[in-house]
Amino acid sequence: MFNENSSASEAGVVACGDGEENVPVCESKERGFNAAHETPSARFLRAELELNTHLRGLRFSDPVRYIYNPLEYAWDTHRCYVEKYCQAGQKILFLGMNPGPFGMAQTGVPFGEVKSVVDWLKITGEVGRPQNEHPKRRITGLSCTQSEVSGARFWGFFRKLCGDPEVFFQHCFVHNLCPLIFMSDSGKNLTPPELPAAEREALLRLCDIALCQVVEALNISMVIGVGKVAEQRARRALSAAGVNVRVEGIMHPSPRNPLANKGWEDVAKAKLQELGVLSLLIKTCANQS
């Protein structure tokens, strides 16, 4: 879990993973899977645990005052999501940037608006709390009553399109580049591009490595960045690593985006049609009906 180091905090620095006694064990057997069983979900979880280990060594200064990592306190529900839906044959990876305060931060699932996670994805499990919690950004897990618009739009779109989640996940999986959510002293959500440059690059270098591991482990052929930032970062990281994969993008469903508020589903549908993904999902849906 990400803790605030006392001497670092006095200097205005938030530290990740200080205080060994408070850091959950990261060995795979302690997390409930054996690396010897090389299923896609096991490979995926192993890459995430390795990333977590490296993230604990990072330090962040102002404006960052709080850091949540749902891959720590919401590991139970996150693992449920991965083990339930990460499977062989998935060639398309939808990639978000990092968790939202009322989405993955609460549920451990990318774009994890609670209603979609519970009612459609049928995710179960216990969600704990980050040790250093902002009083205005409490984690209530699957009991959270506030909806995240981006997640509701994202999963709601695919629910309408495919009906059953198994249809979507036959060919696709959803992941975030960075598992951390950052907040200022006021509780304002800070995206990775808003972090100090050197700290941002140190963070994203680690996330880039993990992304390359995930893409290769799952044998992904197309990464679709959800939003320009995720798309551009994925293209840069995968190209630099020599990973042969097609990188595309769709508009982010954020309510901060005026274009998304005018009809994100229509925009997303047209883009997926252009990429050849929509027809794949529609054919699959038809075959299942």
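Helices and strands here are DSSP runs, a helix having at least four residues and a strand at least two, numbered from the N terminus. Keep in mind that this is a predicted model.

With those labels in hand, look for the loop between helix H10 (197-218) and strand E8 (222-226), where Asn 219 sits. Asn 219 isn't a glycine, yet its phi is positive, about 60°. Its relative accessibility is 48%, so Asn 219 counts as partly exposed.

You'll find Phe 111 in the loop between helix H6 (104-107) and helix H7 (114-120). Is Phe 111 buried or exposed? With a relative accessible area of 7%, Phe 111 is buried, since the cut-off for buried is under 20%.

Another loop, between strand E2 (59-61) and strand E3 (66-68), holds Pro 63. The peptide bond leading from Asp 62 into Pro 63 is cis, with omega near 15°.

Now for the helix. H13 runs over residues 264-275, and at 1.5 Å a residue its 12 residues should span 16 Å; the end C-alpha atoms are 16 Å apart, so the two agree. Which residues of H13 are buried? They are Trp 264, Ala 268, Leu 272 and Leu 275. These cover an arc of only 60° around the axis, so they lie on the same side of H13. On the face of H13 turned away from the buried side are the exposed residues Asp 266 and Glu 274. Just after H13 comes Gly 276, with a positive phi of about 85°.

Definitions and conventions. Residues numbered from 1 in each chain as written. Predicted model: local features only at pLDDT ≥ 70, side-chain atom pairs only at ≥ 80, totals over all residues. Heavy atoms only, no water. Buried < 20%, exposed > 50% of the residue type's maximum accessible area, 1.4 Å probe, protein only. Expected span 1.5 Å × (residues − 1). Arc of directions from axis to C-beta.
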